[in-house]
Amino acid sequence: MNAAYNAPLDAELFPEGLSRCSLKKFLIWLLPVSLVLLWGLYAAFKVLSTGLGVTGLDDYFGFGLWITFDLAVIALGAGAFFTGLLRYILNIDPLKNIINLAVIVGFICYSGAMLVLVLDIGQPLRAWFGYWHANVHSMLTEVIFCITCYCIVLVIEYIPLALEQRQLNRIPFLRILAHNLHVFMPLFAGIGAFLSTFHQGSLGGMYGVMFGRPYAFREGFFIWPWTFFLFVLSAVGSGPVFTVLVASLMEKITGRKLVSWEIKSIMGKIAGTMLCVYIFFKFLDTWWWIADSLPKAGMSFDQMFHGWVYGKWLMVMELFVCGLVPCVLLVKKSLRDRPALFYLAALLDCAGIVINRYVMTVQTLAMPVMPFDQWVVYTPNWVEWAASLLVVAYGAVTLSFSYRYLPVFPQEKELNRE
Amino acid sequence: MTTELKKFRIRWGMVIDVDKCTGCGACMVACQAENNVPPENTSNRRKSLNWLLVYELSNGKSFPGHDLAYLPRPCQQCGTYPCASVCPVIATDKNEEGGIVSQIYPRCIGCRYCMAACPYHARYFNWRDPVWPAGMEKNLSPDVSVRPRGVVEKCSFCHHRFMQAKDKARVEERDIFDLEDGEYVTACAESCPNGAIVFGDLNNPKHRAHDLAASPQAFRLLERLGTDPQVYYLSRREWVRAQGDNRLPDEGNRG
Amino acid sequence: MVEKKQRDAGFLTQAAPFFLGLAVALCLGWWAFPTLLFSEHPQPVAFTHKSHLEDAGQDCADCHFFREDGSFSGLPSLEQCAECHVSSIGDSKAEEDFVQNFVEPERPIPWRVHQKQPDNVFFSHAAHTAATCSPCHMEYDPDDGENKPDALCSQCHLSLEELDKLPPYKENRLTGYSKTTMKMQQCEACHANPEHYGTTNANNACYTCHK
Amino acid sequence: MGIDRRSFIKFAAGAGLGVTASPLPWKMIDDVAIWTQNWPWIPSNPKGESVWAATTSKYCPSACGLKVRMVNGQAVRAIGDADHPLGGGLSPLAAAEIQMLNSPARVKRPLRRIADGRLEPISWEEAEKILLDKLGAAGPQVACVSGDETGSSLGALSALLAGRGSNQLYVMPSDAQAAGRAWRLMGGKGQVGYDLEGSDFVLAVGANVLESWGTFIRNRRVFSSSRGEVPGASFVYAGPVQNQSAAVADQWIPLRPGSELVFLLGLCAVLAQQGRSVEAGDFLSFRDMLSGYDPQQVNALTEIPAQVLQSTAAALIRAERPLILAGSECGYGGGAATVMAGLALNLLLGGKTLRDVLLSGPVLPGEKARPDIQAGDLAAYMGKGASPQALLFYSANPAYALPSPKTVREFIQTTPFKAAFTSFLDETASLCDLVLPITFSLEGLDDLESPYGCAKPFYSVCRKLVDGPAEARPGLELILDLSAKLGKKLAPSAQDVIKAKAKALRANATALNQGKVFEGSVASLPGRFTLLPEIMRKAAESVKNAAPTLLAPLSRTALGTAQSGIPPFNAKLIRAGELEGNGMQALLNRTTAYSRGLQDGDLVRISAGQGEIVARVRIFEGIVPDALGLTMGLGHTALDAFSLGKGANVADLFTPAPEEGSGLTVWNRVGLTVVKV
């Protein structure tokens, strides 16, 4: 391809046969994102240099926005492992058209979550104790192991895609490496699926085992409380549509078609099906919680809610509006095929999972367990928001570069024939 | 997943008589001084370290039927601990003879999972580096290490005093697991002029705490969650005992 | 043959930078780094155990003894030293310096303790006595004439009693730890040994050693 | 040979492998983690032998016994002393006493006010010169206020003033002062003492007996022993707020603020009606006076149910050795009449638990006895507004603690020369021209004799245990030195004063200097008393015209003394019911609040006399109707960050008025105007 006069300066780096916006436009887009990034880095610096006293966290809310954010992005990043599982292990071929994006989103979510965790723990320089002095009885140990391992798996999955960059791909060694990694991808997808299932589960298990916290505590199977399974199911019930939402957002921003409707619809169907399974068990779980677990702790259902901030509306939203409704919209083909309803369902689905992670984190801690204690309200401060937005901005940057320079969407050329 | 109950020959425990506590706070100050908990000038009560915290309880009635009580809350040193089982790095454990839940500051990574798991709010995080007003660090106690920012801490039943009492017994060639009543007491118990806090081995019939814990007026906080605390409370007031645990309206008072 | 040799030579030349890097890094990591990590400090007083034990006929326990409260007097206080050294009793320069720099201005001696443990460690000397260890470890028996009386102490401490000159104290520049002090792993050599549980009261619980 | 990219990469690869295969990264990872547990900016524990010394707290108003632990010459911990007659545990102040040695509010060197109004450090020589010059010039026109009632410094100050030809020595007002006046008027010789240990029924009227009244640590030890397996004495508290004493008392009798006197007279009336009498010349007129206080009349005056009065009286009669303690919640300003009525009630019940505690008396030339000094009325003196030429403050903070501090501040400011001998830079010191640092508890030789409330003569020498700030001087020593320099030698040294005291009390000075305390024997009560019913009657008259909303101050020992402010360690003891954020909380019960159109959380402006406080309404059901509870000890405008900017000073609302009959200035019935902001 000969360089056209009007081609952007960095056109040589673009994926083969695809056009991209001008470098100037690209940089203008990166500017606000970088500002958010810098703001987040400043917050991170504050936290690391002076301690967590600068955050809105306190002794009642040892977990707050950050943990909610972590759990949410990890759930939504589940699109990576689940799509990988379906694509490489179960050989659902059409998913190859979105698997790259799923991997990148997964990578961003997991690396971002780890970044936030580094800020969230009080002694980041001791983080390796999680391996060296591991307590095998702790759900968090399982989380630490699986998240770090899975993050490495995601890096390995991301590498071959990065190596497909046009200039890099010219180097024989890298080309061969990329190819070989591709061959092994099913193996990594399998490892990834295993690791991911476990830590999605143990993130839920983290809450379910807290028998001192009636809001979160659940009985379960063997060493795993029911929340273990619910978290896995809810993650696979929302991750795929989150990937679709990201793809659609990218389409909106770039003005180009990236993934065919058919693929989106398949992803929606998968998520919808899993969401149905999840919601079924979630209702069962909630019923058992109300009928058995809470009375055993001497507490009533009404005691679990307080005022507006911790009102029952959250539960209605989570279970019905953001649970049952997207189930119906995604499973029923006629509804799913109407883009407006599809996107609505996808958004509700993701929102429901975020609400779930939020109440499991914050409401669990806000609820007074000692009868003479009181409900307390948690408000995250700017440091927590900035650090969370840091991850969002980091994700935007990673996606922007990946899209601009890597062949992320196999269908792109075909869908944008001029 | 639940934690198994660990059994020890000695069970250090506290029996706190709520009917004797005037809420003066001497125990809280003594605790801070003994355990090198830094003073804090913050109006945010949820961010200040209180290994021992005195709660004010009300019977909820209007004047003149109103009654109030003060309830000091140290770490409950649960037999079935919600906290230590969740620690990813074994920075907290319940292992030594005596059954005190340990907290090891150089091991703690500050994830705060234990704080989330503890229903008593007995665990505190060092949100900032500890600071004493200039010169006051000279008055630090020699017995308890000063914690840096970023780690969780909690009441240790003044465990260092157990170490010291054992050393004294060793030098005197006595059995370190059969200390006399009062040979090892916590700073709070020692400071209370009202004698509201009695500390001793709950398993040792020679210790006062042993008998007091068996009193019909004794109760523990949130017993039905199954935490099996080593801290007992006493009150002859029915409403105070009722506030020790959650009960559904149809369960009566001692559900 | 020649070709192969050339190829070998070519390989060696080509790989030379790699091995150079490897060698430099290994030297750095195994020699320079461990040396640079520690700073060296002399003791503030040129104390000799030998002359105190042999010439003055003192006993270890004259300075290193248990207090009534069960704590261990690891180092004598200045007052104890001053019981004899209120003014110079010998003619050594070291003693003269000591009297001048510490006894007269009543300045406590800033000893550098080789076995210094961090604040978060509670070491009970009372628990680690011959009474605890000797029943099984005969070599720690102080009554056994064939063994040196400090056999138990030297399990952890440097043997200084025969030295005329104190070895320098090495401190980790980063952590502030003494180079010769024990780390938890060494404590666990005994504490994590299940054979110790029934016979001694040693156990490996966190609160056995931490404060 | 140039280094191309390729060989550099190879070199780097080799180096990477080599470093990984060396201890460097692994040791670093480990050492960095170890570094985090030994961060150099985190203070380290002291190491060394523990030395213990027994003493008596000069900081805690209860004068409790302390065992002080010292390591390397630094005090590290104070614990209670069960062998001490006034000890057996710690108050929240005694527990923080060690830390107060290094309080940020300490005065560490002499300070002088300069032209622009700031205080600047000067040397002791300069300070002494200024002080001697000014005192010399003032002649007899010098007055002094002391905040230490129990130390020999009080007598020494009186002797110093006597040398100048002045008798204007005042103590800060206190319950002790009111009781002293009452006891003297009724015929007592020394100081009234209360045999709590020997009592089987303790009725505390107004006196927050388990928190702040008298020797409260000892009171609490007695309370503790009464709750043993064998039930001991009953404790009943009568007062406006369900305070610390009420929380554990066997019974709380709600009383409207200021109606303590009428309640006591009502009890006296029931007893007198049952034929009880007192060996007193004016008993008959007392009995006649009581006829105006039968249960119905008391009920009409104070809304105390007649049945409560009857049953309380019955309980007192049933008891073998009842004891009535009358005092004020805030510890001062309660007046003499209430104490007199309390004493009269005790006498009607046989007075078996009352004691006459004899004091050591003057040992220095020109020294006045403590009761004589206590007879002075500081609030009245400062209220009159005729300033002396020179004013000295010794460990006293009237600018914070006296009623209507504004008047007090004006009084101080109009005095040409004022100097403070103080350990803390408090509100009063901040107004002075010269601030002289004196040692705090444990830092210098001091003593403590028979605090108010104790049952037997008590004396303790508070030894110097640790070094204070280099330039702080022991107060007693300083007074002696000053007097000598002004031309009147009182005693060669503080130790001589203590020896003289010990001799006067027939105590063993050597033992005292080793930390042992002295307890004297009990003197018999006077054979005949005077009841002075007229004083009580007049004082009780004022109950009739009470304001619609009355102030109920709440005492909280943890919040420090007026001089020290809130100890740093105690800042976190402040409860939500006392301060929310830094805003003052006003306790009202629901009925009271609703009848005034107020709701929980409303911001209100509370005013009385010249004073005004803004606070937030907090519904609290443990307070009588028509009363508003405010916590004392807050609202400092000096000292350190732990005291500054927190809430408001309740003393701002105190409106002093002379008590009818006794003439003592009181502020026990403060009417409030409450307006929603």
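Hi everyone, let me start with a distance: in chain D, the C-alpha centres of domain 1 and domain 2 lie 79 Å apart. Please keep in mind as I go along that this is a predicted model. Chain D is divided into three pieces, with domain 1 covering 5–37, domain 2 covering 191–357 and domain 3 covering 545–676.

Now, who does chain D meet? Among the five pairs of chains that touch, chains B and D have the most contacts. Chain D brings 65 residues to that contact, and chain B brings 53 residues. On the side of chain D that touches chain B, the elements giving two or more residues are helix H2 (23–37), strand E3 (74–80), helix H3 (97–100), helix H7 (216–226), helix H8 (244–248) and helix H23 (590–595). Which of these gives the most? That would be E3(D), with six residues.

Four strands of chain B form an open sheet, in the order E8-E1-E10-E9, and the pairing is mixed. Strand E8 (197–201) and strand E9 (218–219) of chain B stand at the edges with a single partner strand each, so one side of each has no neighbour in the sheet. Further in, strand E1 (residues 12–17) and strand E10 (residues 231–234) of chain B run parallel and are joined by four bridges.

Along the principal axes, the C-alpha atoms of chain C fill a box of roughly 85 × 50 × 40 Å. Chain C is divided into domain 1 (38–112) and domain 2 (116–156 + 181–211), and 26 Å separate the centres of these two domains, taken over C-alpha atoms.

How far apart are the nearest C-alpha atoms of chain A and chain C? They are 12 Å apart, and these two chains do not touch.

That brings me to chain A, and to a helix pair I'd like to show you. Helix H2 (residues 65–76) and helix H12 (residues 339–366) of chain A have axes that come within 9 Å and cross at roughly 145 degrees. The crossing of H2(A) and H12(A) is right-handed. From H2(A), the residues in the contact are Ile67(A), Thr68(A), Leu71(A), Ala72(A), Ala75(A) and Leu76(A). They meet Cys350(A), Ile353(A), Val354(A), Arg357(A), Tyr358(A), Thr361(A) and Val362(A) in H12(A). By class, the contact of H2(A) with H12(A) has ten nonpolar, two polar and one charged residues.

Methods
Residues numbered from 1 in each chain as written. Chains lettered and ligands numbered in written order. Predicted model: local features only at pLDDT ≥ 70, side-chain atom pairs only at ≥ 80, totals over all residues. Domains from an automatic or database assignment. Contact = placed C-beta atoms within 7 Å. Axes fitted to C-alpha atoms, helices over the stretch in contact; angles between N-to-C directions. Left-handed = near helix turned anticlockwise from the far one by under 90°. Nonpolar A, V, L, I, M, F, W, Y, C, P; charged D, E, K, R; others polar. Pairing = 2+ DSSP bridges.
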